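Let's take a walk through this structure, one spot at a time. Have a look around first, and then we'll start.

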Amino acid sequence: MKCSICGDKAVTRIPYAKLLLCKNHFIEFLIKKVERTIKRYGLTSRNSLIVVGVSGGKDSMTLLDVLKELMLKNREFRILAVHIDLGIPGYSNELREVVIKYCNESDIPLLVLDLKELVGASLPELSKRASRPPCSVCGIVKRFLLNAVAIECGADAIATGHNADDICMYALKSFLLQDYISLSKLVPRTKPVKGAVPRIRPLYEVYERETTLYAMLKNVPFVRMQCPYTPKKSLDNQLKELINNLEDLYPSTKIAFLRNLAKNINTIENSAPFIPISTCSVCGLVASGNICAFCRITKRVLGIAMGEQVRNRIRDYCRGILSRISKN
Ligand code: SF4
Ligand code: ZN
Ligand code: ZN
């Protein structure tokens, strides 16, 4: 198999683009694909500051590396990596080390938030004391902390490493469950609301196997171990398998599906029940009632709604790190 561009040994086939690519041309292909996604959906604006949520897994590490490459190439935006240490024994330390090492070596400004240090309890402790599944508490914590950093740093967007497979799967699941509220949020860039910074998904059209291959070929470090709380047999996995089977039969199914989803998002929004968005009376960040989910869960478990306190700590961290972020 030879690369369709240079004739060197091909390392992969991209059926939907009818291409065989060598290592260098695959890396170039993926970076260009993300660059086109950013332009197509208007994900960044000139000189914007992007907070990048980095767990240390393959998707977020690939996202960070690609954004770093684009930042160096175009000088159109700046990035701040944020890692949240959830305190999961035998797992979180490894993730934290990989992210710190990579950011140091790549000279990317990084903010590490340690959940136990911030609220006095790790994710397993919070979830146990709240009698709620770890993944649901994890979602609340991550959303709150990333948003708080973005607000306090004056960032323009929060980039997350969701890939095309993830988004297709969430979309199909939301449709099956007739959950139009979740479906309407599966856009490349969410709308700005008071107390929340828009989220962007630069890997919107990048397939999961492509993020893994990119990290491996480019020697971007990532943790292969799965979180111990990853559900073993879930509807999510079954749906991903179904979508991959369809993609094998009809290459580009995922991209066509996601582009249609983004195009029809206004119609989907109109089908979703109206939920008034307000701001939390404790911390001032976005909430769907009087108090946000983070303040609610910390009040229930720790006896005090900790949103404001945590936000103040983050404000101090941000002051320190902002001076390190180069101005374009
Ligand atoms: Fe969080 Fe669940 Fe993912 Fe683990 S599997 S990182 S607890 S969402
Ligand atoms: Zn080539
Ligand atoms: Zn709050």
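Cys 6 is partly exposed, with a relative accessible area of 38%, while His 25 is buried at 17%. (Buried means under 20% relative accessible area, exposed over 50%, and partly exposed in between, with a 1.4 Å probe and protein chains only.) Before going further, keep in mind that this is a predicted model, where local features need pLDDT of at least 70, side-chain atom pairs count only at pLDDT 80 or more, and totals for chains, interfaces and linings use all residues. Residues are numbered from 1 along each chain as its sequence is written, chains are lettered from A and ligands numbered from 1 in the order in which they are written, and side-chain values use heavy atoms, with hydrogens and water left out.

So what do Cys 6 and His 25 have to do with each other? Both are protein donors of the zinc ion (ligand 2), along with Cys 3 and Cys 22, and these donors lie 2.1 to 2.3 Å from the metal. (Donors are N, O and S atoms within 2.8 Å of the metal, or 3.2 Å for Na, K and Ca; water is not among the atoms, so sites may look incomplete.) Along the chain, the donors of this zinc ion follow the spacing C-x2-C-x15-C-x2-H. Cys 6 lies in the segment before β1 (12-14) and His 25 in helix α1 (residues 23-40), so the pair ties together parts that are 19 residues apart in sequence. (Helices, H or I of at least four residues, and strands, E of at least two, are DSSP runs numbered from the N terminus.)

Now hop over to the zinc ion (ligand 3). Its protein donors are the SG atoms of Cys 280, Cys 283, Cys 292 and Cys 295, at 2.3 to 2.4 Å. Their spacing reads C-x2-C-x8-C-x2-C, and Cys 280 and Cys 283 are both buried.

Next come the rings. The structure holds four aromatic pairs; one of them, Phe 144 with Phe 294, is stacked, at 4.0 Å centre to centre and 5 degrees between the planes. (Rings of Phe, Tyr and Trp, the last by its six-membered ring, pair if their centres lie within 6.5 Å; planes under 30 degrees apart count as stacked, over 60 as edge-to-face and the rest as tilted.) Both Phe 144 and Phe 294 are buried.
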